[in-house]
Amino acid sequence: MEIALVAEYQRLQHDPAARLPLAYMRLRRAIRNVIENGEVQVGHALPSERDLARALTLSRVTVRKAIGGLVEDGLLTQRHGAGTFVSERIVKPLSRMTSFTEDLRARGLNPRSEFFERAIGEVTPEESMAMNLSPGTQVVRLHRLRYAGDEPLAIERSAVPLSLLPDPNLVEDSLYEALDKLGNRPLRALQRLRAVVLGPAQTRLLRLSAGSAGLSIERRSFLDDGRIVEFTCSWYRGDIYDFVAELQSD
Ligand code: 16G
């Protein structure tokens, strides 16, 4: 890990396109990259702050700052006396609008989906209310089981107006990637999250025991001009996801 990290840090140092003027930014990106490239795996330890500072000829303050940022993002976890580890639970900061694919790639995991539905249809009454679309409007509807490698993590049902995503088959793995290519990636979202007991069909798909807890999340995402891009209902596994929010007093 240390060798890969030093090499990645040095590469970023000499790559003007990376546009990372400060050492702690480069180190933060380098750690992220080696995790994404699978050079260090979930649950594994990072070299100590002192070893990193020495190997990279950086101050310990700089190393601490880089690591601190990644702990805040949930990518790393610090355990007192034991060191810093690549997080096992998947921590999703609620303040960032990331996609399932991006969240997993950032942890060096391999996202994939099994599609139960990828088709065009008319809005259901619920979708029409949620998306402010007239009855009869056509949408692309996706129903997916989302995996990290072979492990199912979430079930998602999405509806996207056909006017913003003209063909369901444009979504190969990532909905947001497809929307991005069309210039329609959402910029803002409203999200509602609640704890649920997953139903029998859901626990079977997610390979959990009957009655397991999950997180039910509804996301309505918007374009810059206020148009709704997606209405997605997700059921995330409660045993491996942490949703975290940063709070500020007035
Ligand atoms: C996340 C979003 C979901 C979005 C999906 C796109 C939450 C709770 N939900 O799962 O609304 O549709 O990402 O992921 O974060 P994709 O680009 O990988 O298809």
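Visitor: In strand 8, which residue is the bridge partner of A189?
Guide: The partner of A189 is S221 in strand 8. A strand here is a DSSP run of E with at least two residues, and a helix is a run of H or I with at least four, both numbered from the N terminus. This is a predicted model, in which local features need pLDDT of at least 70 and side-chain atom pairs count only at pLDDT 80 or more, while totals for chains, interfaces and linings use all residues. Residue numbers start from 1 along each chain as its sequence is written.

Visitor: How do you know that strand 7 and strand 8 pair, and in which sense?
Guide: Pairing requires that DSSP finds at least two bridges between the strands. Strand 7 (residues 188-197) and strand 8 have 10 bridges, in the antiparallel sense. R192 and E218, the latter in strand 8, are also bridge partners.

Visitor: What makes strand 4 and strand 7 edge strands?
Guide: The sheet is open, with 6 strands in the order 4-5-6-9-8-7 and antiparallel pairing. Strand 4 (111-122) and strand 7 each pair on one side only. Neighbouring strands of this sheet are turned against each other by 15 degrees on average, direction ignored.

Visitor: Why are helix 1 and helix 2 called oblique?
Guide: Helix 1 (residues 2-13) and helix 2 (residues 23-36) pack at about 130 degrees, with axes 9 Å apart. Axes are lines fitted to C-alpha atoms, for helices over the stretch in contact, and angles run from 0 to 180 degrees between N-to-C directions. Angles under 35 degrees count as roughly parallel, over 145 as roughly antiparallel, 65 to 115 as roughly perpendicular, and the rest as oblique. The pair is therefore oblique.

Visitor: Which residues of helix 1 and helix 2 meet?
Guide: Those in contact (C-beta atoms, placed from the backbone, within 7 Å) include A4, L5 and Y9 in helix 1, and L27, A30 and I31 in helix 2. The contact divides into 8 nonpolar, 2 polar and 3 charged residues.

Visitor: How many residues surround the ligand?
Guide: There are 14, and the closest are S99, T101, S174, L175 and Y176. To be near, a residue needs its C-beta atom, placed from the backbone, within 6 Å. Among the elements giving two or more residues to this shell are helix 5 (100-105) and helix 7 (175-181).

Notes: Two residues are in contact if their C-beta atoms, placed from the backbone, lie within 7 Å. Ala, Val, Leu, Ile, Met, Phe, Trp, Tyr, Cys and Pro count as nonpolar, Asp, Glu, Lys and Arg as charged, and the others, Gly among them, as polar.
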